[in-house]
Amino acid sequence: MVANSERVECFAVDTDLEASPRMPTPDMMATEVHKVAVLQDKTGLRSFRHSLGEVFFPDDPLHRFKNKPFFKKVVLALQYFFPIFDWGAHYNLKLLKSDAISGITIASLAIPQGISYAKLAGLPPIIGLYSSFVPPLIYSVLGSSRDLACGPLSIASLVMGSMLRDEISPEDKVYLEVAFTATFFAGVFQAGLGFLRLGFIVDFLSKPTLTGFMGGAAVVVSLQQLKGLLGIVHFTTKMGIIPVLKSVFDNRKEWQWQAVAMGLSFLVLLLAARHISSTRPKLFWVSAAAPLTSVIISTIISFISRTHEKGISTIGFLPEGVNPSSVSMLHFKGPHSNLALKTGMVTGLLALTEAIAVGRTFASMKNYQIDGNKEMVAVGAMNMAGSCVSCYVTSGGFARSAINFNAGCKTAASNIIMASVVLFTMLLLMPLFHYTPNVILSAIIISAVIGLIDVRGAILLWKVDKFDFVACMSAFLGVLLISVPIGLIISVGISVLKILFHVTRPNITVMGNIPGTNSYRNLAQYKEATRMPSFLILGIESPVYFTNSVYLQERILRWIREEEERITNSKESPLKCIILDMAAVANIDISGIESLKELKRTLERRSLELVLANPVGEVSQKLSHAGTWELFGPECFYMRVEEAIASTSYKI
């Protein structure tokens, strides 16, 4: 066992010795060599508590309660669990003015989007307005993001509609019941992840796979809207690109030029407004007001020209009033309970991923932090409560939140303002939507989801990481050619596969000395780096676990063989010592330790020295407990590569 603070004396070396390729340089001779310290042992309970805290409580949420009086702890607890008590304590008229402008602005987008997205999910249009009223109110109490604007999402609506339509017709009363039940399950799943501090599960949907999945879903959504855009009556309920295009051309006799003309005109208007706002952020209100403006203008045109009598379908009657209770429509047993559970978990995961990603994006722009686990609880709570009052899956969408951000929102009160405007609409303005053409809803959906097709992001993936690009395109094609749920499964599967690939096949680099320094770096990265005669320095850039220990052992032996062949061909000094730089090895398990021991014995039989440099605290502790220290000997552990070379040079 090596003492924690023990230091080896400097090597005294005669600097008059004749220089040779195998001899150390003067800088090496002067190198002070330290023994590696072993991390101090913790008790079993302390070690377990520390590990548990690092996994589930990396942000240390209880630190704010330390050394505070009881009353202060109660106040802090209320502010922690209900952030409205935090920002509400400092609220004033100046903040209200900013939030009112933001709330009214996003309401102008939320109303037509809510109606459109409900249609996308196969639900009555009024459900979209219900879902833009209650959930934002709940989030304003529980959410920690100042910028997240809540309501229905295009992707969650698409997935829910796709999964439910596979087994139930939207005209069936059961469809609505299963949708509400799935929303409740989504909320339970989301809140459960937050309570159990399992937010890292969301990270399994990587950026590349999400880019591909959302791009494919956007194309599918846009193609589905051809039914309304072309005025087709008989249309497929399938979501794949092939059946959709087949249905479009098989029913080309149903195409209506009036619907095509109106739909394309407003689609161009919406896309132009979107482009103006994206190129000139100060004109954010243009894209925010465009959907509602389009609804108003198209409704007036429809009413005056009586287009509904010429075959162009309209929304029709929408009931007035606040959300009715839907508790009696929640069914947790029955033939469709498994479908509701499956749909809830999938849509819940997607909604949660978007909410956290959007919340973190805008929080970083304003230099504040959001608590991912609290966000999960907030989103889960609003979906559980929403399912009881005729709402379906909701979350914080990017487009709506971006407008909220650009409009200058200061707190989550903007959601309260938005919900108030929606309530006013539901109470007094419902009859005005009677003549709104369905074609305008299709145009609004296409303009909203087209931004999800991230071509630049895919090109960047190709430049940066080909594997990520393959993952992106696999998810994209899976959604496009098979189905949305299968595309999601492919997305998650590829993400997990990538993790397994990196875990089981970690990178190992050959290192050399940067001339004039004591630094050792990757030879492939630094062309000026030079090999050290008789030494092979390998850097392991991954934890060593049972999943990769055998591979590492085999790969190191292959590096040794290749190095010996290179030395023979170039007639250099024979290989005598292998140094493993373990600075990047954050952890090691018993399988990894046994592989190191086996590698040590193998190299000893070949008269080769194995030396470990810079093992970090936990790794050194485990090596010590496993008896590796005794097998190797304390002279085979060094703090730095240069110390290992300086010390070992005298033996070889």
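Glu 562 is partly exposed in the predicted model, its relative accessibility being 27%. The side chain of Glu 562 forms a salt bridge with that of Arg 558, at an N to O distance of 2.9 Å. Arg 558 is likewise classed as partly exposed, at 39% relative accessibility. Both residues belong to helix 23, which spans residues 549-570. Their separation of four residues corresponds to about one turn of that helix.

In total, the structure contains 15 salt bridges. One of these joins the side chains of Arg 566 and Glu 572, with 3.1 Å between N and O. Arg 566 has a relative accessibility of 24% and is therefore partly exposed; Glu 572, with a relative accessible area of 41%, is also assigned to the partly exposed class. Arg 566 and Glu 572 take part in a network of salt bridges that additionally includes Arg 531 and Glu 563.

A further salt bridge connects the side chains of Glu 594 and Lys 597, where the N to O distance is 3.8 Å. This pair is located in helix 24 (residues 590-605). Because Glu 594 and Lys 597 are three residues apart in this helix, about one helical turn separates them.

Terms used: Residues numbered from 1 in each chain as written. Predicted model: local features only at pLDDT ≥ 70, side-chain atom pairs only at ≥ 80, totals over all residues. Heavy atoms only, no water. Salt bridge = Lys/Arg side-chain N within 4 Å of Asp/Glu carboxyl O. Helix = DSSP H or I, 4+ residues; strand = E, 2+ residues; numbered from the N terminus. Buried < 20%, exposed > 50% of the residue type's maximum accessible area, 1.4 Å probe, protein only.
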